[in-house]
Every structure is written in C-alpha cells, then in structure tokens.
Amino acid sequence: MRECISSATPTEEMNGAGNLMDFLDEPFPDVGTYEDFHTIDWLREKSRDTDRHRKITSKSKESMWELIKGLLDAWSGWLVMLLIGLLSGTLAGVIDLAVDWMTDLKEGVCLSAFWYSHEQCCWTSNETTFADRDKCPQWQKWAELMTGYTEGAGVYVLNYFLYVLWALFFSFLAVSLVRVFAPYACGSGIPEIKTILSGFIIRGYLGKWTLLIKTVTLVLAVSSGLSLGKEGPLVHVACCCGNLFCSLFSKYSKNEGKRREVLSAAAAAGVSVAFGAPIGGVLFSLEEVSYYFPLKTLWRSFFAALVAAFTLRSINPFGNNRLVLFYVEYHTPWYMAELVPFILLGVFGGLWGTLFIRGNIAWCRRRKTTSLGKYPVLEVIAVTGITAILAFPNPYTRRSTSELISELFNDCGALESSQLCDYINNPNMTRPVDDIPDRPAGPGVYSALWQLTLALIFKIVITIFTFGMKIPSGLFIPSMAVGAIAGRIVGIAVEQMAYHHHDWIIFKNWCRPGADCVTPGLYAMVGAAACLGGVTRMTVSLVVIMFELTGGLEYIVPLMAAAVTSKWVADAFGKEGIYEAHIQLNGYPYLDQDEFTHRTLATDVMRPRRNEPPLSVLTQDSTTVEDVETLIKETDYNGFPVVVSRESERLIGFVQRRDLILAIKNARQKQDGVVSNSVVYFTEDAPQIPASNPQPLKLRRILNLSPFTVTDHTPMETVVDIFRKLGLRQCLVTRSGRLLGIITKKDVLRHMAQMMNQDPESIMFN
C-alpha cells in the first residue's frame, strides 16, 4: 500500500486524493490473464514481454547477481527446448516399443520372455533359420499354446476369435480411460493445436492428465488394429510436454504469446519423433500448425527436433539402428517417362483426399447432431469389431499398418520372402544380387495384388469412420497406407508392362530387355506422399518428411510432382484440408490464410447494428463502481471501450472485462472506503468531487490507452488482414476520433462465413 500523502493541498483534500491509492501500481495475481475459450491479445502479450525484457536489461547493470539472472532468463528458452526434446523423444520410443509388443500380443506370446515382441523373441532364439525367420519355438500363437496344434480349422477359428477379443479389449480400455480421465485426449489433436497456436485458450487441453492418458491410450488404440496412426497424437503429446515445462518458467507461464512460441517448437519435436524427420518436423510446424513463427522460434524448433530425434535414436525402438521404420534403398534411378504414372498417383491422392474429407466430415457432423454422439464407447467397440473381423482373413490388413507400409516400400531383393516378391526367376541369371532385372510376376504376386485391392477398398472405407472417434487417432499412417497400396499396384502393373512390352515406344528408350527398369516400391512411396498431401494439403514439409522417412533423397522430383498434383486436384474440389475442416466443424475461432476478396467495409460488420441497442461503454471519470458491476452482470462482453463522456463519445482506451472484475474485487478487499457509489476514474488526476463523497477508485493501470482502431470506411479486406497478422481480439471503429462501434474476431469469422453463403452462427464454438 502507498503511504498517505501528509502535505495534501486544499484541492486534494476536497477530492479525497489525500487518501487515494492506485493500488494497481503493484500488480496483483491474474490481471492480464484470460478465461477459458477466449482469444489472447497478441499485441498486449508482446508489449508485456518487451517491458519485462527492458526491466531485466536495466537491472542487469546494477549488480553481478542481476546480470546472472538476466543470462539465466536468456538461456531458459534453450533449456525448455532441451527438456521438450528429451521427454518427447523418450515417450515416442516407449510408445513405439509398447505398440510393437501389444500388436503382436493379439496373435501370440513369447514363452522365454512375455515382454518380447514376435521379432525380438525370434532374434534371441538360437533355433531360427533365415528361411523361417518369423518362426521359432519360443514364439507361440494363442491356439497353439492352448491346444497344442499349429494347423487346422479349429486353430484358425480360435486364433481369429482371440485376435478380435484382444482388439476389442484394447479399444474398450482406451475409450474408457479417455472418457473418465481426460476427454481432451481423443482425436488427432492437430486441429486444436492449430487453434491454440493462433491464440485461443482451451484450458486442460495440454495438461498433465491429458499427457498421461493420451500416451497410454495411444498405445492401446494403435495396438487394437484400428485404421489410425500415432503421428498426429504425438504432436499433441509433444505440445503437452512443452506446456508442462512452460509452467516451470514465469517467462512462459505468465505470457501466453511466449508460451505459443514454445508450443510451435514442441510441434516440430513431435513430428521429428513421429517420423524420424527433424527437418520435416520444423517445416511441418512452420507450414501446417504455427500461426506466429519468428526466426528465433525457427532456431529453437530445430534444436528441439534435433534433441528429440537424438533421444529416439538412442532408444532405437525399431532395432535397425535408424530413426525410421521405412528406410529403403533403391538401386535403380527413375526415368522421365515414369512421371506420367507418378502424376496419375498424384491425381488419385487428390481425389482420395477430397473423398475422405467430405465423407469424414459428414460422419463427424452426424455424430455431433444425432444421438450417435451420446454413445462413444459403443461406437468405438462397433468400429473395432468390424475392423478386426474384416482385417484378420487378409494378411495385409491383419498386420500393423506401419509394417504394411514398410513391406510395400521395400524393393524386391534376392533375400526377400514376401509374397509381393514371388517373381519367376531366370535360371541363367548371373547378375549381382543388388541389380535383379525385371521378371515376370509369379502366382504369389497375382494373389498379393488381389489381396492388396481388397485391402485398399477396406482401408478407404474404414478410415472415414475411424478418424474422429473418442480415442487418440492419427491420420498420417492410414493415408500413407492407402497411397502405398495404390502405388504398389500401379508399380507392379508398370513393371509387367515394361517386361512384356519393352518394344513399345514409351519403354524402348530406357527399358531394354534384362534391365532393372521399374521399382514398384518407389511407386508405393510416391502414392503414400500423394494421398497424405491430398488429405492434409501439405507440400514442402510433406516432401521433406517423405525423403527423410525413407532415405530416398534421389527421388525428390517424383515426390514433388505427386505432392503438387494431389494438392491441385484436391484444391479444385475444396480449399480446406482435413484439419481446417475439423476446425470449422467444431467452430473454433481460427482465421485461415486464404485471401478475403469481398468489397465490404468495416461499417457493414461492426456492432452495434442499426436496430441493436447502443454500445456498452464506460466514461473516464463519471461511472460508479455499482454502474460497472451492473454492466458486467448484464452483459457478457470481453471488454468495454472507455470514452470522455456519453455525449462526446471521444475514445480514450479499452479495458478488459476480466481485469475490471479482478480490480474491483481486490479494491474492495484491500482499499478502505471503496463502496458501490465510489466513482471509478481512468484519468491521471482524480475528478473534482465533494469531500463528503466516498473515496474514488483509480483504475488507469488496467486501461489500454492504445487500442487498435480503424475508420468506418476501412475495407474489410484490410480489417481481416489486420486481425490475421496482428492476432487481434477486437478492433474499435471510429470516425474523427468519435467511437462508432466494435469488431471482434468472432464478428470477422461470422462475416466471412456469410460471404461464403454459410450459416454464420453454425460455425461458432459453443
């Protein structure tokens, strides 16, 4: 408390200023914070950080201790990145190992050590032969363990039944944990992360419980065999890690703008460990999720992604001493004529993306608007049951999606035992092992093609219904699987055409008989990129992720061609990717980067409209505490403009609702003489009031003296641009300094929806 001024002048005595205290000279808790489901004020956060930095710089000149504190503050950002990288890398490694083990647990168990997956179990066995490397006495399927038989109809049915039972158990456990402990742990998380990074507050979305439950249920959901991946949820997990470490440093915990810089870097670390693609992770954060991405955040994202990738590599979850599961080595270059099938795969990717987005959004909207949404557990159980029953008979859908993609990407070497490599060999072949010429397909390849075609139809349909259920569900791996299956089928078709018709003009120049011309695995890789691009509309980051994921640096041009084609085709049917579509479906206040081209003015959008009551305002020195409390009670606005008087309506500034509530509450508790009819004033000097009146309350410290204003004739194109680039919550509309109205972020979103012939109220978050 400030001491009372002893030598008060007669005027001060009349005003009661002798006892006056601007109690906000010493800030109290929660001023400048935001309520749940509100948007932050980026300009205010930036200004507060600049003030904090200025104070630290000036104090650092006073003593050695203050200098050390200043240096620690400067290095705290790098320390947070280090911690995020270490924790997200460790969690990703643990998730990978647990998924591997639990996926195999559906089929059998390792007798020598039950915590070993099938592959690890047979690695440790001395009785495994190279030809039967998937079979060893230590690994037994459930039916063999229970009945002692390895073959027969009864064995098949028992294995089938137990596979479905394990899948149902895992998915039931996942949905139950999400529902009871952390409802925010469901879904991909990327639409919400994008919204949070744009400045929206969703309390608890990045909390400790969400982190714990999302990590556990992600393992269960992926292991259940549902058509979903772990990549999107890993971005959410990494952002939860970022939020956790932000709370340890006041620099980030007390500034929502700075916190979002950390979360942008955490998103990069999430993609880095999801794909083993550190550079792709940084580009993904920049291209896909981040709203505000200064150069400093780019460096820190790079560091966090590096540490996360290094940590994952140290854990070595795939046992191949590589960061990625899909590492491939192709021995044949690609040829110009192959760009035609690559571009066709791009077209397929764009069409699949459009089909998926429309189908999934229609299903999710149905879930929201009908009684289907009331039974999330039942929905998950039903989809899991259908998935498991249809997946088991087909070997390509029974295995984990990651293993399927890995097999589809692989080139057929001399040591491959896959059905896809069942070619008819020339007995006179004397070439080196690495350069096997194109050969005619054997019966195994044709039977694999049928199974892959069925798997493709199954994946296309089931993924539409799986994404968006109340369990953690990523989209990257299922989309890549659809593309990889289509690509491998096209690759084999081109390969067989080149073999049987090498005299055709398109093959004559580059595919002579006996040469290794076509690599079907490359087509699978290009198809995967095309389908992922069609769904998410990523381009640059997608290509980088794909070549980091596979090590196929030589194949950037085919990947680029497919990614660009799929984006063009998908954009022809609708501009928004799956994440933007889900943001719109949930009504999150997110301003996308599309240009606003309509010729409307600020006066068309501002409130109040013609038939609405006048704008709720406060005057600078004639409003009482009771007036303010009544205004707060009767309205739900986030803030109020402050004017000189109701007659002149000359704008002074803007005050936030939450700050007003806290200020009055604290003043009543700590400042003597503040009663309901005390005058609230926002000026530097106290107003002229009789000495008999109660003590006035000075609230100038919570007043924003430089609110953003536009004139009533400012084009909405400019206003939208201002909101997007400065991250504003609201903007005041004036004419010659006189207040006319206000435009909030929600007003802008409603207007944009109206201009696109959508219902403006249906897109608002409730």
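Strands S3 and S5 run parallel and are joined by two bridges. Here a strand is a DSSP run of E with at least two residues, a helix a run of H or I with at least four, and both are numbered from the N terminus. Strands pair if DSSP finds at least two bridges between them. The model is predicted: local features need pLDDT of at least 70, side-chain atom pairs count only at pLDDT 80 or more, and totals for chains, interfaces and linings use all residues. Residues are numbered from 1 along each chain as its sequence is written, and side-chain values use heavy atoms, with hydrogens and water left out.

S5 (residues 639–643) runs antiparallel to S6 (residues 651–656), with five bridges between them. Val642 faces Gly653 in S6. S6 also pairs with S9 (residues 703–704), antiparallel, over two bridges. There, Val655 has Leu703 as its bridge partner.

Helix H22 (residues 540–550) is largely enclosed by the rest of the structure, because nine of its 11 residues are buried. Buried means under 20% relative accessible area, exposed over 50% and partly exposed in between (1.4 Å probe, protein chains only). The buried residues include Leu542, Ile545, Met546 and Glu548. Among the helices covering them are H11 (256–275), H19 (476–500) and H23 (556–573). Gly551 follows H22, with a positive phi near 75 degrees.

How values were computed. Contact means heavy atoms within 4.5 Å.
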